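Hello,

I am handing this structure over to you today. Please open it first, then read the notes below it.

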Amino acid sequence: MDPLKQLFFEKSSDLSARVKALLKEKGGAKVDEVSLKQLYGGARGVKMMVWETSALDPYEGIRFRGYSIPQLRELLPKGQGKEPLPEGLFWLMLVGEVPTQEQVDWLSEQWRQRAEVPDYTLRMLDALPADTHPMVQFVSGIASMSNSSIFARRYDEGMSKTEYWDAVYEDAMNLIARLPRLAAWIYRRSFHGGKHIPADPSLDWAANFAHMLGNDDPDFYNLMRLYTTIHADHEGGNASAHTTHLVGSTLSNPYLAFAGGMSALAGPLHGLANQEVIKWIFNMLEALGTQTPTKEQIAEYVHQTLAKGQVIPGYGHAVLRRPDPRFMAQKRFAEEYIKDDPIVEVVWKIFEVVPPILQGLGKVKNPWPNVDAHSGALLVHYGITEYSFYTVLFGVSRALGVMAAQCWARAMGLPIERPKSVTSEWVFENFG
Ligand code: CMX
């Protein structure tokens, strides 16, 4: 058994035993109550699932196994670069321990060896019109790789329940390893005439991804390392994570579970917001006829957007109640690596202008920027201007969290998800 799998087996066996004993003793203890508002309000805040890899505090933001983003920037191995390697975050999320550089190097090598995307997937993508939205290509490509699912094959062969976690681990490792090639293929076929760039085996997972996209600036390598680290997980209740979890709970294979999650990420209130932000900024600059709008001009444009009944993309959050630490990490990156970029400056001005306006509406619970408010400006700076691709980048990173969580869900033997729904008739009979 490989060293990561062995460690995961030990950790998950231990937790499973502890949970079993706890449930036997206190299984009937109440965790939460549900109000009518939550019933009709997207189940906000209802505690109804277990997610081991990260937890989100409304004020502090995300913590991966207890570590904040600034702490991870200090603690995770950085390899040849200056930012944490996502391999390290995956290791941490899967087994709860900060890995050494040597362990991260082992994982980089594992993913390198598992990185080949099946030829039929690439041919299937090439058969789609080149202007197919990149997220549609991404979801289709992921689903098509189910053909190679080890979980699906072993289930078919009669695998025991006790082995599910093992097969999911293998699929998770293969899927994560393949995503940079899959995403880069989509990018290059959609926007660069199908001129693909071979992988560079000397690079880590994120830097190789940057390389295959077509930019070998070491700072872009660092951006992709940071980007794929901070977008990886946001506890379990967000739409892409929860969808992956739900689909996986039916024992649909990890490729299909992740394709489901990516369909959720493709919505503009979730991951697609990163494309919507930059589109909104470009439209604003065009409407105002300047690259350097004043705060007053931005405020006016914000009011116009709201008056049309639209949201300000990149602002607000279902859980967070402070500026998203993932936004702040990207701002810090820009301050350190990028000087005098007009779009970055606009993002920072919007950060000053939008919160008081949203606060003034009296209904927005979180007027602060989320992760999507900043990412597009950084990508534009490094030449990735085709914003319909941005959510694919988010998705490549999100695989790390949701696949680690899939391993845990199957190792813990979590059952098929099946919450109870009620009709409005029932609500009025009981509360009307
Ligand atoms: N601009 C304008 N209005 C907003 C707003 C924004 N950025 N954020 C929230 N509101 C509005 C809501 O639309 C809602 O209005 P109605 O009562 O008229 O329907 C009201 O404020 C209350 O909403 P909320 O409780 O504050 O927010 P929710 O938990 O319902 O929704 C979110 C959260 C993220 C969907 C919402 O803030 C939003 O639409 N933001 C813009 C899209 C975005 O950036 N999404 C990305 C989130 C991060 C991610 O998942 O990637």
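**The second largest pocket**

Helix 1 is the top contributor to the lining of the second largest pocket, giving 7 residues. Keep in mind that this is a predicted model. Helix 1 spans 3-26. Helix 12, at 239-249, also supplies at least two residues of that lining.

The second largest pocket holds about 940 Å³ of space. Its lining counts 28 residues. Nearest the centre of this pocket are V19, L23, M49, V50 and L414. By class, the lining has 16 nonpolar residues, 8 charged ones and 4 polar ones.

**The ligand**

- D372: an N or O atom of its side chain sits 2.6 Å from an oxygen atom of the ligand.
- N370: an N or O atom of its side chain is 3.0 Å from an oxygen atom of the ligand.
- L269: here a backbone N or O atom is involved, 2.9 Å from a nitrogen atom of the ligand.

How much of the ligand does the protein bury? On its own, the ligand exposes 900 Å², and the protein buries 75% of that.

E235 has a phi near 50°. That is a positive value, and E235 is not a glycine. Find E235 in the loop between helix 11 (218-230) and helix 12. Is E235 buried, exposed or partly exposed? Its relative accessibility is 24%, so E235 counts as partly exposed. The cut-offs behind this are under 20% for buried and over 50% for exposed.

D340 is not a glycine either, yet its phi is positive, at about 55°. D340 lies in the loop that links helix 16 (325-337) to helix 17 (342-361). Why does D340 count as exposed? Because its relative accessibility is 69%, and exposed means over 50%.

**Where to start**

Then turn to helix 1 and its 7 residues in the lining of the second largest pocket. Finish with the loops that hold E235 and D340.

Best wishes

Note on methods:
Residues numbered from 1 in each chain as written. Predicted model: local features only at pLDDT ≥ 70, side-chain atom pairs only at ≥ 80, totals over all residues. Heavy atoms only, no water. Polar contact = N/O pair within 3.5 Å; in protein donor to acceptor, adjacent residues only side chain to side chain. Areas by Shrake-Rupley, 256 points an atom, 1.4 Å probe, with all protein chains shown as cover. 1 Å grid on protein atoms, 1.4 Å probe; cavity = no way out; pocket = protein on both sides within 12 Å on 5 of 7 lines; lining within 4 Å. Points joined across faces, edges and corners; volume = space filled by probe spheres on them. Helix = DSSP H or I, 4+ residues; strand = E, 2+ residues; numbered from the N terminus. Nonpolar A, V, L, I, M, F, W, Y, C, P; charged D, E, K, R; others polar. Buried < 20%, exposed > 50% of the residue type's maximum accessible area, 1.4 Å probe, protein only.
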